[in-house]
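Here's a quick tour for anyone meeting this structure for the first time. Have a look at the picture, then read on.

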Amino acid sequence: MGDFRIDLSKYALKSNQSDKTRKTIDYNSIDGMKSFESLLSESIKGVNDLQKESDKLIQRLATGDVDDISEVVLASSRAEVAMRMLMEVRNKLVEAYQQISRMQG
């Protein structure tokens with residue numbers, strides 16, 4: 001069972017190659033940073049994985065295959081916190097979009 005941690009160092013700008021030595025173009029990243037779309041997509045997939053893991057452990061608990069109930073509680077808590085965080089990000093995005101719409105109107 002994996003820990004739910006966010007490692008921001010992997011999203012830091014890392015450009016060890018010069019523009020001349022780059023042979024492929026990654027349209028999902030800009031200067032070594034992932035695009036917002038790919039970060040959001042990975043986050044949604046991560047939350048989905050946590051939800052699936054939680055569901056699987058709950059099913060195992062129901063069938064009596066789990067010895068330690070704290071494992072199930074911890075997985076459920078991780079999934080809940082991840083979902084709440086994702087919903088807050090969504091709410092902030094909607095709020096920002098609405099503010100931009102009002103400024104253009």
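Why does methionine 85 count as partly exposed? Its relative accessibility is 40%, and partly exposed means anything between buried (under 20% relative accessible area) and exposed (over 50%), using a 1.4 Å probe and protein chains only. Bear in mind that this is a predicted model, where local features need pLDDT of at least 70, side-chain atom pairs count only at pLDDT 80 or more, and totals for chains, interfaces and linings use all residues. Residues are numbered from 1 along each chain as its sequence is written, and side-chain values use heavy atoms, leaving out hydrogens and water.

**The helix**
- Methionine 85 sits in helix α2; helices here are DSSP runs (H or I, at least four residues), numbered from the N terminus.
- With 36 residues at 1.5 Å a residue, α2 should span 52 Å, and its end C-alpha atoms agree with that at 53 Å apart; the expected span is 1.5 Å times one less than the number of residues.

**The buried side**
- Val72, Ala75, Arg78, Ala79, Ala82 and Leu86 are the buried residues of α2.
- Part of their cover comes from α1 (36-63).
- Leucine 86 touches Ile44 and Val47, leaving aside residues up to four places away in sequence; touching means heavy atoms within 4.5 Å.

**The core**
- Val47, Leu50, Ala79, Ala82 and Leu86 make up the largest nonpolar core, a set of buried Ala, Val, Leu, Ile, Met, Phe, Trp, Tyr and Cys residues joined through side-chain atoms within 4.5 Å.
- The largest share of this core, 3 residues, comes from α2.

Note on methods: Helix = DSSP H or I, 4+ residues; strand = E, 2+ residues; numbered from the N terminus.
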